[in-house]
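Thanks for coming. I have a few local features to go through, and I will take them one at a time.

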Amino acid sequence: MSVPNLITCEVDGIQYLLHPQVLGSTEASIKADQVIPVLLLTEEELNGTPDQIGQLLQYYVDTDDVCSPSFTDILVEKPTRNGNTSLFIEKKDDSSSSSKATYRLKRTILDASGTDNPEAQDNDDLPSGPYFLSGPNLHQAYRLYPDTQDAFVYGMIPEDVYNPSGFRAVSFLSSSDSMSKTIPVPSRHYTRLTTHGRKRPSPIQGKRITLTDGLCLLGTQTTLSCKAYVDTYPSATETDAYVQRLLEEGAVLVGKTKTSQLRIGNSLWPETHFPANPREARKGNIFNCRGTGVGSASALAGYGWLEYAVGGDVDSAVRESGRRYGLYGLRRSLTAEHDKSSPGPNDHVGIFGRSLHDLSLIAERTFHPLVCSVKASSRNTVKKIIYLDYAKDQKLDYAMDVFVNALERYLNVDRTTVNLDKEWEKYRVKSGIDFSLSKETARLLYDLNHYHEYASFRKDYQAKFHSSRGLVDLEARVLWSSARDHVKQHKELQEQVKIFWDWFEQHILATKSDTATFSSSTGDTIIVIPDIGFHQGHIIGFFGRMLAFEDMLSPQTATPQLSVPFTQKPGGWLIDEQTFTPVVASVIGPRMTDTSLITLVTEALTASGLPTSVQPGPLCFPLPATDNNNDDDDDDDKNKVEKKAGDATELQKRAAKLLHDMCMSSEEDDEKQTAKLSSELGKRVKGAEEEDSWDGETLAKSSLNIKVDLRGLKGGHGAKAGR
């Protein structure tokens, strides 16, 4: 079905798009060029009392960001299947609190004999909600949100709202700033149907989701932020299998988000503008916009109207973007080849959410069934916690201690701290192995893998344009030129890398009771990686990306990796406003334990009072209220809190307040603040040894046992903020 020209309008100061598909019509005397916002309701909904109808109209406005008040000025009555089939009625209900013009929708049924409108389906399938009348014809309403983060390549709409399989990219400038592109978003009241035409309950039905630019979607084009790539390849003729599962679950795909040019990890974005980061004082920091997940993370961190984002993980961007943007992210166990339905540079799939609960829902509904059925990452099976010692900053050491302690208490397992640099160096020297974790080796692997990854692109471009001139301006030309001189070394380097991974699995991951490897679903080890933003010196790259070595643990072993923001530290100052930077831990579990890994971390954090959700905007977590009470008031408040120790919400507020105070403590009040907070955090509540006796209250109280040196958690601007 071809999509005709699009119509936009403005209602209540909000920019809207009319979906071009005609869903029904009336015989009202409406000019063909006239656009009217209306609210579609059933006969049953309109049969209430005036007060009931007024409350119903307010409900549609309050629960939907697309339905503005003007949509309730004119009502359209949808006849039931057995109801009156008269063509048109216009009436005034003077008994209502506010007189409303009410039109009746024509009854239409699509059958073999045809209808007046060939595009129309049986309008019994139309949900109540906001629509537009363009002339006499009914159209879905899409709100146009300005992309102020510059996170999207383009927005998109389905060609057929009844069967959203093919899509069309749309690009309108915002009427508010005339600079930002807009993203079309349908009403939350619209019911989504599966491709089989029947309703299917799903926790992600109707949820708004973005796709990374590297995934194929029928009717849309992959750009990879590269003009030469766009010139070479047309719009997709197939949809990736993972994206198809999203559609079958009723997800609302609103647009494609940016990746760095040809997914280069350290791209300078030469042909398109890079996305902003709402968490940073400098939203336009190009050096913090790297990889295939940056656009997805930027959109989800910045826009409250969005629920999920699907990012690529070719360069372990889920961990990196989750850290920079303060989001929960999961790199799944299975690689993109398991879902590959069409040729092209398909990304490994990673998902972002603003809560662990939401992340679990989308993983359970869209990941491979095997990933959701294995329960190896559970409290009873994990026997080893490996903590990678890359935290070179003392503040990070103590902040990470809070997170790891939560896992230790919940699993009743002590951490094993490992410094991979030192351990590998000792083994390498002892065994006479030449391979080292050096920057030179990393650079060479980076160049070689990227060179081979885009060999078909170079060949296709040459075949189409009979020249390579358009490729000269690419950043990748430097990488490719370097790689050509070392192609023969690639196989040797890959063999050396395999030796390292074999050593890692046998000497680092193994436990005394191990009967299976970490890359199997029966492994009993989890790995905790600190926030590497504090540590930039240790770099190595595989699969064509220049990354920190720990970024490649999950891709190399095909295991799930979960990014978890759990607190925030003081950042820079934006004029007179204190900014905060998220602190994010990363947890890797055995292969195929994706959803159970989320469950494990969620339960551990909840038991310790640590947050399991973030908010959009500049702050991941709301700042705790300033405490101006005296010591007596403090004692009273403490008693009140202790009485509510079993309440998870109160416990999370308490833990967040303590972590915030640790980060913001000033130099002048350091000793007094340290003594006070140490007393709070140092309380030990001895829980029973038996697992069955670990009830909610005992677990909540045990979270107060956080063994940290509070003096080490002062932020760089703590003195200024503390006054």
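I'll start with N412, which counts as exposed because its relative accessibility is 68%; exposed means over 50% relative accessible area, buried under 20% and partly exposed in between, with a 1.4 Å probe and protein chains only. Before going further: this is a predicted model, in which local features need pLDDT of at least 70 and side-chain atom pairs count only at pLDDT 80 or more, while totals for chains, interfaces and linings use all residues. Residues are numbered from 1 along each chain as its sequence is written, and side-chain values use heavy atoms, with hydrogens and water left out.

Back to N412. Its phi is positive, about 55°, although the residue is not a glycine. N412 sits in the loop between α9 and β19 (415–418). Helices here are DSSP runs of H or I with at least four residues, strands are runs of E with at least two, and both are numbered from the N terminus.

M592 also has a positive phi, near 70°, and is a residue other than glycine. Its place is the loop between β22 (577–588) and α16. Is M592 buried or exposed? It is buried, at a relative accessible area of 10%.

The axes of α9 (residues 394–411) and α16 (residues 594–607) come within 9 Å and cross at roughly 100°. Axes are lines fitted to C-alpha atoms, for helices over the stretch in contact, with angles from 0 to 180 degrees between N-to-C directions. The two helices are therefore roughly perpendicular, the term for 65 to 115 degrees; under 35 is roughly parallel, over 145 roughly antiparallel, and the rest oblique.

Which residues meet there? From α9 they are F403, A406, L407, Y410 and L411, and from α16 L600, E603, A604 and L605, contact being heavy atoms within 4.5 Å. These residues divide into 8 nonpolar, no polar and 1 charged. Nonpolar covers Ala, Val, Leu, Ile, Met, Phe, Trp, Tyr, Cys and Pro, charged covers Asp, Glu, Lys and Arg, and the others, Gly among them, are polar.

Next, W269, in the loop between β14 (252–257) and α5 (294–302). At 6% relative accessibility, W269 is buried. Its C-alpha atom is 7.7 Å from that of S225, 44 residues away along the chain.

Last, the cysteines. C9 is buried at 18% relative accessible area, and C620 is buried at 2%. The structure holds 0 disulfides, counted as pairs of cysteine sulfur atoms within 2.5 Å.
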